[in-house]
Each structure stands twice: as C-alpha cells, then as structure tokens.
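Please open the model in your viewer with the sequence panel alongside, and keep a selection tool to hand. The tour goes from one selection to the next and says what is to be found at each stop.

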Amino acid sequence: KLMQDSSTYAESNVITTLLVGVPGSGKTCVAMGFPRPYFLSTDHKLGNAIRRYPGKKFMYDYPDILAGKEVPMTMRWTQTGALVTEPTKHLDKFDTIVADNLTDIGDYLQSYICSQPAMSKGGRPKAAGIAVMEQSDWQAYYVLMGNFLSNLKLLGKNVVVCAHEAVDKDEVTGTLTYYPLIGGKWKTSLASQFNNVWQCKATQVGQNEHRYFVTTRPTPRMMCINSLDLPTEFDFTWDEVARRMGNTNLVK
C-alpha cells in the first residue's frame with residue numbers, strides 16, 4: 001500500500017535531540033535525564049550525571065575499549081558502528097540511545113578514512129608525520145557520518161547526540177556564531193538531522209553551586225530547534241518534555 005490517508009498516521013512518541021555546548025556545560029547530565037539511556041561514551045565521563053541522578057538505571061559502552069583493551073584510533077569508528085548494531089538485539093532494555101560525543105566520533109571517522117589508501121597518486125598528505133584528510137575524503141566523511149546518524153534513528157528509540165561547541169568570529173562585526181564541533185559541511189548541516197537542537201549552558205549561582213540549563217530558541221548566533229514549544233531557557237526535566245509530547249510515560 002503506497003498511499004495512506006490521515007487515519008493511519010500515528011504521531012511518534014520518540015524525539016531526536018542534538019545537545020551542543022562547551023565541556024562542562026551539562027550535556028551528559030541532560031542526556032542522563034532521558035528515560036533508560038544507553039550511552040556510547042567516548043570520554044568515560046558519566047560521573048557528574050550519575051551524581052545528579054542517584055539510583056538512575058542506565059547502560060553504557062566505551063567505543064575505545066574492547067575486552068578490557070584499548071582500541072586503536074583507526075579502528076574506533078568500526079567499533080562505534082558495531083555498538084550501534086548490537087542494541088538491535090536488546091531493544092527492550094533501553095528507551096534512549098546517546099552518542100556522547102559526536103566530536104570524538106568524528107575524529108574516529110577521520111582516523112579511519114586516513115587509514116585507507118589515498119586517492120591521490122602521491123599518497124596521503126601528512127602533518128607532523130600524521131596522515132590527514134584529503135579534499136576528496138570529505139565526501140566519504142559526509143556519507144559515512146550520515147549513515148551513522150540514520151542508524152541511530154532506525155532503532156526506534158529516543159536519540160540524543162552530544163557535540164562540543166565551536167565558535168566563529170566575524171572579523172568585521174565581531175559577532176560570534178556557535179556551531180557543533182565536527183568536520184566538513186556537517187558543521188552547518190548537522191542540525192537538520194534532529195527535531196530538537198539545544199545549546200547547553202552552565203552559570204555559577206553560588207560559591208560552589210552552578211545552574212545547568214539549555215537554550216532552545218534559534219538566534220542569529222545559534223541554530224537551535226524547538227519542536228516542543230519549550231521555554232527559551234529550560235532547566236531540563238524529562239517530565240516536562242514528555243508532557244509537551246503528550247506522552248504519559250513520565251519518570252516516576
């Protein structure tokens with residue numbers, strides 16, 4: 001049946017969210033607040049999120065560790081892909097898959113591509129003795145990263161992708177523009193892969209106390225996406241997100 005009418009349409013009860021922010025801005029803590037998360041953690045820094053959600057049940061894997069041994073940099077992209085495939089056998093054990101973080105995963109992909117034979121006859125260029133990407137490599141990078149993001153969505157679970165933040169400064173006006181820190185044209189097109197893009201921030205509110213929150217509204221400086229009509233500044237709680245989705249599966 002190729003054409004269906006409106007009576008067969010069912011609103012999805014899952015969301016895809018990109019979290020962008022500097023290290024320490026609370027991206028992992030926000031991701032931990034999603035229901036039953038499964039983390040692909042590249043930096044092994046889940047401690048703050050665990051302390052913020054004491055007793056929270058979650059699952060995790062490290063793309064750079066396999067059977068207790070460090071995975072070579074050139075093989076971490078393949079290992080990350082395998083960790084996305086493995087959950088298809090355990091879909092009943094998690095509700096959210098978290099790629100934390102895409103900046104590192106992008107580095108894994110570059111290392112993988114640079115380990116492949118060069119396209120140019122002169123061999124792959126090097127910087128400080130390390131092979132670097134050729135111009136022709138960036139198309140493969142774009143396609144492979146797109147496949148990775150698509151595979152996350154195909155699991156039918158909430159998807160949260162964390163990425164570090166890059167800042168561009170206009171030399172004429174001095175205006176700062178914020179982007180996900182990722183290579184190639186994904187820098188400006190990554191947001192299009194998600195139905196929510198939030199910028200994570202942290203401010204000091206006391207001598208030893210910080211407020212962690214997200215901004216959800218687009219500005220000329222940051223391409224946020226807010227599909228749930230959340231406040232411009234939002235102290236994240238999953239219950240509020242679920243309520244906006246019309247989802248009664250609130251966190252108890």
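**The largest pocket**

The largest pocket holds about 440 Å³ of space. A pocket here is an open set of points on a 1 Å grid over the protein atoms alone, where a 1.4 Å probe fits and protein lies on both sides within 12 Å along at least five of seven lines; lining residues have an atom within 4 Å of a point. Grid points are joined across faces, edges and corners, and a volume is the space filled by probe spheres set on the points.

Before selecting anything, note that this is a predicted model, in which local features need pLDDT of at least 70 and side-chain atom pairs count only at pLDDT 80 or more, while totals for chains, interfaces and linings use all residues. Residues are numbered from 1 along each chain as its sequence is written, and side-chain values use heavy atoms, with hydrogens and water left out.

Select G24, G26, T28, K45 and N48, which lie nearest the centre of the largest pocket among the 18 residues that line it. Helices α1 (27-32) and α2 (47-52) each supply at least two residues of this lining, and α2 gives the largest share, 4 residues. Helices (H or I, at least four residues) and strands (E, at least two) are DSSP runs, numbered from the N terminus. By class, the lining of the largest pocket has 5 nonpolar, 8 polar and 5 charged residues, where Ala, Val, Leu, Ile, Met, Phe, Trp, Tyr, Cys and Pro count as nonpolar, Asp, Glu, Lys and Arg as charged, and the others, Gly among them, as polar.

**The second largest pocket and its strand**

Next, go to the second largest pocket, with about 160 Å³ of space. Of its 15 lining residues, Y178, Y179, K187, T188 and M223 are the closest to its centre. The largest share of this lining, 4 residues, comes from β11, and the lining divides into 9 nonpolar, 4 polar and 2 charged residues.

E165 stands opposite P180 in β11. β10 and β11 form a hairpin with 6 residues between them, and G174 in the turn has a positive phi of about 80°. A166 counts as buried because its relative accessibility is 16%, with buried meaning under 20% relative accessible area, exposed over 50% and partly exposed in between (1.4 Å probe, protein chains only). Not counting residues up to four places away in sequence, A166 touches T177, Y178, Y179, P180 and L181, contact being heavy atoms within 4.5 Å.

Now select β9 (residues 158-163), where 6 of the 6 residues are buried. N158, V160 and C162 point one way from β9, and V159, V161 and A163 the other way. In the parallel sense, β9 is joined to β1 (residues 16-20) by 5 bridges and to β6 (residues 96-100) by 5 bridges. V20 stands opposite A163, and I97 has V159 as its bridge partner.

Which residues touch the most other members of the largest nonpolar core? Of its 34 residues, these are L102, M145, F148, L149, L152 and V161; a nonpolar core is a set of buried Ala, Val, Leu, Ile, Met, Phe, Trp, Tyr and Cys residues joined through side-chain atoms within 4.5 Å. The largest share of this core, 6 residues, comes from α4. Centre the view on F148: leaving aside neighbours within four places in sequence, F148 is in contact with W77, T80, V84, A99, L102 and I105.

**Backbone details**

Most residues other than glycine have a negative phi, and most peptide bonds are trans. Select D100 and N101, which are joined by a cis peptide bond with omega about 15°; N101 lies in the loop between β6 and α4. A67 is not a glycine but has a positive phi of about 55°, and A67 counts as exposed because its relative accessibility is 76%. End the tour at D229, in the loop between β14 (225-226) and β15, where phi is near 55°, a positive value in a residue other than glycine.

Notes
Pairing = 2+ DSSP bridges.
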